[in-house]
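I have a new structure open and want to keep notes as I go. Let me put it on the page before I write anything down.

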Amino acid sequence: MVDLRLLEKNFDEVAKRLRTKGVEEKLLAEIKELFETYKKEKRALEELQAKQNSLSKLFGQYKREGKDINELKEELEINKAKIAAHQEVVRDLQEKLNNLALQIPNPPDPDVPIGKDEEDNVEIKRVLEPKKFDFEPKEHWELGEKLGWIDFERGVKLAKSRFSVLKSTAARLERALINFMLDHNRSYGFEEVCTPFLANSATLLGTGQLPKFADDLFKIEDEDLYLIPTAEVTLTNLYRDEIITDLSSPIKLTAYTPCFRKEAGSGGKDVRGMIRQHQFDKVELVAITKPEESDKVFEEMVECASSLLTKLGLPHRYMMLCTGDLGFSAAKTIDLEVWLPGQGKYREISSISNTRDFQARRAKIRYKEGKKNLLTHTLNGSSLAVGRTLIAIMENYQQKDGTIAIPKALEPYM
RNA sequence: GGACAGGUGGGUGAGCUGGCUGAAACCACCUCCCUGCUAAGGAGGCGUACCCAUUGCGGGUACCGAGGGUUCGAAUCCCUCCCUGUCCGCCA
């Protein structure tokens, strides 16, 4: 959530940064004005309440002393009506303010390149050279069907389109990758966690999926529960509404979960193959840090994910997302894109974001600094989407005879 | 899913015949005093959010699971929901 007081005090600065993310200044001005009105009305209400409280106290006293209370009672009743009317106004303002404020994305960091969409993302560096094939490399779906590794038709039969079934070596590879990643992350100091795969609306609100992106979530009928779109949701919300007494070193967590996304609005994109599914496995990294430490931990997380790809021998590149391509909650994001020889393209396989205090403010995640309670920073990153890693291995390790070699690093896990 | 019992501050736990209770007491924690170290002892402090004032102390509102209601006034009474415990049913 945007910091309303910062918006009030530093309007031009905040508005300028938000404009690069496509937020209209008019909306911001509206919010600012609403905030000021709200404060004014709230204060008026509090004065009326103060009056009511002190007169009520008198009332009790008069009664005990046997004094006449009729006049006082009348005054209290009038004041009570005023309070009720005012309360309505304040509640209304608050609701409006809240609804608007929750729609505002996180302002980008000043060093994020300004741009419109993914075309304007900036490549930072490449790791590992793509290998030269002495034959035409195939795409993963072709390999997958031929080898009996991926069954797309039956996935559709069981659920619907954008679901698939992994079989034999692919199924084992999937499991091996999960274990491999979790072990790797542990060596980077991330504590392994196993969370629920369903979460309630307060949880989704905390990390920013709700209220704005409800269309992309699978909801359980008649329950306040959603299938999680990423473990970021549950990991970050572990500390929702808490004041962390000791944050002298950052909290670093990792978890494997399946992720569920409706992929609303991506109709027609990546329909073929396993790139974009309604359900996929992911190992996630989350960190909760003091503000002054989040940049350092961000670098660590990028490094952690990248070294995973390096260990697997998968060529990849770092992309700094431009302002226009940044997610709703992120102030800064680096995507890792893996080389897919079949497609002849780099494709996103990991996304690491610093949300600064944006999620912490929504989820009320704070820590003690002396006597004060301050908002933490929260960070999240995929330590690789497992399905896409599987695809990358298939395409990069394919051989002329159509079989697929297993990366050395995975051998102990198979 | 059914029956009963509960949900109070970091913890334990009083208050629950409505006003003097934002909340006793104890523990934990912090500061100071005492002490050769440790232990013990003594004095004080110790919830959260927001608003006002800030030269100085400070002042106000809200919060006792959540939301409604009754009342001049509710942690205390009523309703709904959520959660926890125990027993029964069901089940991996």
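**Entry 1: the sheet**

I traced the sheet and found eight strands in an open arrangement, ordered S1-S10-S11-S12-S15-S9-S8-S4, with mixed pairing. Its edges are strand S1 (122–127) and strand S4 (191–193), each of which pairs on one side only. Neighbouring strands are turned by 25 degrees against each other on average, direction ignored.

Before going on, I note that this is a predicted model: local features need pLDDT of at least 70, side-chain atom pairs count only at pLDDT 80 or more, and totals for chains, interfaces and linings use all residues. Residues are numbered from 1 along each chain as its sequence is written, chains are lettered from A and ligands numbered from 1 in the order in which they are written, and side-chain values use heavy atoms, leaving out hydrogens and water.

My terms: helices (H or I, at least four residues) and strands (E, at least two) are DSSP runs numbered from the N terminus, and two strands pair if DSSP finds at least two bridges between them.

I then looked up S12 (residues 345–354) and S15 (residues 377–385), which pair in the antiparallel sense over three bridges. Ser353 sits opposite Asn380 in S15.

**Entry 2: helices on the sheet**

Helix H7 (residues 168–187) lies across S4, S8 (251–260), S9 (279–289) and S15, and runs at about 5 degrees to S9. Angles here run from 0 to 180 degrees between N-to-C directions, with axes fitted to C-alpha atoms, for helices over the stretch in contact. Contact means heavy atoms within 4.5 Å.

**Entry 3: the RNA**

Which residues come nearest to RNA strand B, of the 20 around it? I found Gln49, Gln52, Ser56, Phe59 and Arg366. Near means that a heavy atom of the residue lies within 4 Å.

H3 gives the most to this surface, with 11 residues. Of the RNA atoms within 4 Å of the protein, 73% belong to sugar or phosphate and the rest to bases.

I also checked some side chains. A polar atom of Gln52 is 3.1 Å from a sugar or linking oxygen of RNA strand B. For Lys368, an N or O atom lies 3.2 Å from a phosphate oxygen, and a polar atom of Asn373 is 3.2 Å from a phosphate oxygen too.

How values were computed. Polar contact = N/O pair within 3.5 Å; in protein donor to acceptor, adjacent residues only side chain to side chain.
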